[in-house]
Amino acid sequence: DPETKELAKDPDKQAEVLFRNIRSFMELAGGKPEDIGHMTVYLKEEQYRDAINKEWLKMFPNEDDRPARHAVQVNVRGEVLFQIELIAVL
């Protein structure tokens, strides 16, 4: 979290910060979330998918205009519960 410099243990909070950071990243790159064409979600455990889905729906509320997405379970290091890789067209 850029504000606290801490990694939240709560999956919902981690997802919220992750998507806030995605939005900031896109703005710094000169784009917006609508420019994202594909996202790969790396989940530490399948149970964290719900936290990602909540923020996904907030960022991409239009079910007819969302990027492609794949989610896979991987061994994410430390207390990080998920990571995102994205492709955007600017």
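**Charged side chains at the surface**

Reply: E34 counts as exposed because its relative accessibility is 54%; buried means under 20% relative accessible area, exposed over 50%, and partly exposed in between (1.4 Å probe, protein chains only). The model is a predicted one, in which local features need pLDDT of at least 70 and side-chain atom pairs count only at pLDDT 80 or more, while totals for chains, interfaces and linings use all residues. Residues are numbered from 1 along each chain as its sequence is written, and side-chain values use heavy atoms, with hydrogens and water left out.

E34 is placed in the loop that joins α1 (11-28) to β1 (36-43); helices (H or I, at least four residues) and strands (E, at least two) are DSSP runs, numbered from the N terminus. Together with E63, D64 and D65, E34 makes up a surface patch of negative charge. A patch takes residues with over 30% relative accessible area and no salt bridge, joining like charges within 9 Å and nonpolar side chains (Val, Leu, Ile, Met, Phe, Trp, Tyr) within 5 Å. Lys and Arg count as positive, Asp and Glu as negative, and His and the chain ends are not counted. Each charge is placed at NZ of Lys, CZ of Arg, CG of Asp or CD of Glu. The areas themselves come from the Shrake-Rupley method with a 1.4 Å probe, and for residues only the protein chains shown count as cover.

Other charged side chains are paired. A salt bridge is a side-chain nitrogen of Lys or Arg within 4 Å of a carboxyl oxygen of Asp or Glu, and this rule gives a count of 6. One of them joins K32 to D35, with 3.9 Å between the closest N and O atoms. K32 is partly exposed, since its relative accessibility is 44%.

Helix α1 holds another pair, E16 and R20, which are 4 residues apart, or about one turn of the helix. Their side chains meet in a salt bridge of 3.6 Å, N to O. With 33% relative accessibility, E16 is partly exposed, and R20, at 27%, is also partly exposed. K13 is linked with E16 and R20 in a network of salt bridges.

In helix α2 (residues 49-59), E55 and K58 stand 3 residues apart and so are separated by about one helical turn. Their closest N and O atoms are 3.1 Å apart in a salt bridge.

K5 lies in the segment before α1 and is exposed, at 68% relative accessibility. Although K5 is not a glycine, it has a positive phi of about 60°.

As for the setting of these side chains, the protein chain has 2 helices and 3 strands, in the order α-β-α-β-β from the N terminus. Its radius of gyration is 13 Å, close to the 12 Å of the globule rule for 90 residues, so the chain is as compact as a globular protein of that length; the radius is taken over C-alpha atoms, and the rule is 2.2 Å times the number of residues to the power 0.38. Of the 90 residues, 30% count as buried.
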